[in-house]
Amino acid sequence: SIVHTMTMSNERTPININASVVGVSVHALHSLENNLNPVQENPSDNNASPPLHKQIWSKCQSIYGTHSFLIKALILILIAFAYPPLGATYLAPQITATWIAVIFIFILAGMGIKTEEFAKAFQRLPFNLFVQLFNFGVVSSIVFGFS
């Protein structure tokens, strides 16, 4: 005997049916499949919008992707408002607010610089060295002399 196996699906899960095991004719299986998956006569129904919860989630992801830094800063401010001892006692503000914060800011700024900018800076190395020495050497000496 020939074994006919077909896969039908409804909106939730696919259904595998083996005709020889169930004892149903293949014609009956085809009619059952047509009842589960009716042919849509209007092609515009295929372009239905996604459910509302998916639209809201997509919009939230878009907003978070655009404004993630601002959202995270707001969350941290709210946490600091809700529990002030966290930052005032447990995080050692005499260290974290000075050294670690400055290091973190410079690392983030450095990560934002493109490698092309480094290449341009190395092409003009003598000029950049002069500017650095003048600012940190000459100007600092003059300010120190007046103070």
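**Exercise 1.** Determine which residue lies over the face of Phe127.

*Solution.* Arg124 lies over this face, at 5.0 Å from the ring centre. The criterion is that NZ of Lys or CZ of Arg is within 6 Å of the ring centre and within 35 degrees of the ring normal. This is a predicted model, in which local features need pLDDT of at least 70 and side-chain atom pairs pLDDT 80 or more, while totals for chains, interfaces and linings use all residues. Residues are numbered from 1 along each chain, and side-chain values use heavy atoms, without hydrogens and water.

**Exercise 2.** Repeat the comparison for helix α5, then locate the bend in α5 and in α7.

*Solution.* The 19 residues of α5 (residues 93–111) should span 27 Å, and the end C-alpha atoms are 25 Å apart, in agreement. A bend is the angle between axes fitted to the seven residues ending at a residue and the seven starting there. α5 bends by about 35 degrees at Ala101; α7 bends by about 35 degrees at Phe134.

Methods
Helix = DSSP H or I, 4+ residues; strand = E, 2+ residues; numbered from the N terminus. Expected span 1.5 Å × (residues − 1).
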